[in-house]
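Here are my notes on this entry, point by point. Please read them with the coordinates open.

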Amino acid sequence: HALCDGSIKTLEDPLEKYVPETTGTSWGRASIHDLLRMSSGAHPTASTGHKFGDPDSVLGRAILEGTMHEAFIDTMKRQDEMYRPSGAVFQYNNLDTTALAMLVTATSGETFESYFARKVWHTSGAASKGAWVVNNRGEVSAYQGFSATPHDWIRLGLYVLEQIEQTETCFGRFLQTATSRQIAAFGASNEYGYQIWVRCGPAIDFCFAGHGGQYLFFNRQHGIVIYQHATNQRLGSEGLRALMPPLIAALPSNR
């Protein structure tokens, strides 16, 4: 939305153009395009032990436990390893997502939570108010901690499926790009778009993957959204992924 309303001129711009305090960091030098693809180059990937995008893997817990008193920009400057050139390779890094939230705040003149609620959440028809987890300074991490009712998650999913077919609109075209392969992730077997996992299983075009087994699965051809809620520490969803093909086969032919 920030791109389509002109607040962001091009995804090829570096973040530091809009968020000057990131100047000199991996995130500041990275283009918005590379941040969307999780390729800032700031830290090694989760597979090397840096699961939360920070060397000691405690950032996520600190936010949830209410013990993070440091501003996100200070955390980023302190932990920036400049591991790879930006855009070189996919490196799952939650602070890439946080950097994007900082971008929205800087370009919109309002908090990320307010902008998201106005541009996305209310527009999708959500019946209840969603809630973001913030650090002790009131800054949203954006990569974790958003809570909503199952019905509203599904409403969000249906909104995405509706908008993605609007090829004549900027937002529709953006969603088509965001949900298509932009970079190989964790090896050639996984694909990633713009902050979205692509081809998540048989008949699953793309998915929103949360922590502990929470998912939104999308099938564009049949207009299907499936919400999975879980509290499992494992990220696997093999059972539901296997269910999708027979579920689609059972649909009426005029679906």
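1. The buried residues of helix 8 pack against helix 7. This is a predicted model, and the points here should be read as such. Helix 8 spans residues 170–178, and its buried residues are F171, G172, L175 and A178. These cover an arc of only 125 degrees around the axis, so they sit on the same side of helix 8.

2. Helix 6 (residues 112–121) can be read in the same terms. Its buried residues are F112, Y115, F116, V120 and W121. Their arc is only 155 degrees around the axis, which puts them on the same side of helix 6. What covers them? The cover includes helix 5 (94–108) and helix 7.

3. Look next at one strand pair. Strand 4 (residues 204–209) and strand 5 (residues 215–219) are antiparallel, with four bridges between them. Within strand 5, F218 is the residue that stands opposite F206.

4. Most residues other than glycine have a negative phi. M82 has a positive phi, near 50 degrees. M82 lies in the loop between helix 4 (72–79) and helix 5. Its relative accessibility is 45%, so M82 counts as partly exposed. A203 also has a positive phi, near 70 degrees. A203 is in the loop between strand 3 (197–201) and strand 4. A203 is partly exposed too, with a relative accessible area of 30%.

5. Is E191 buried or exposed? Its relative accessible area is 18%, and the cut-off for buried is under 20%, so E191 is buried. The side chains of E191 and R199 meet in a salt bridge, 2.5 Å from N to O. R199, at 56% relative accessibility, counts as exposed. Leaving aside neighbours within four places in sequence, the contacts of E191 are R181, I183, A185, W197, V198 and R199.

6. How many salt bridges does the model hold? The count comes to eight. One of them joins the side chains of R155 and D152, at 2.7 Å from N to O. R155 and D152 are three residues apart in helix 7, so about one helical turn separates them. R155 is partly exposed, with a relative accessible area of 31%. D152, at 1% relative accessibility, counts as buried.

7. A further salt bridge links the side chains of R37 and D34, at 2.9 Å from N to O. Buried or exposed? Both R37 and D34 are buried.

Methods. Residues numbered from 1 in each chain as written. Predicted model: local features only at pLDDT ≥ 70, side-chain atom pairs only at ≥ 80, totals over all residues. Heavy atoms only, no water. Pairing = 2+ DSSP bridges. Helix = DSSP H or I, 4+ residues; strand = E, 2+ residues; numbered from the N terminus. Buried < 20%, exposed > 50% of the residue type's maximum accessible area, 1.4 Å probe, protein only. Arc of directions from axis to C-beta. Contact = heavy atoms within 4.5 Å. Salt bridge = Lys/Arg side-chain N within 4 Å of Asp/Glu carboxyl O.
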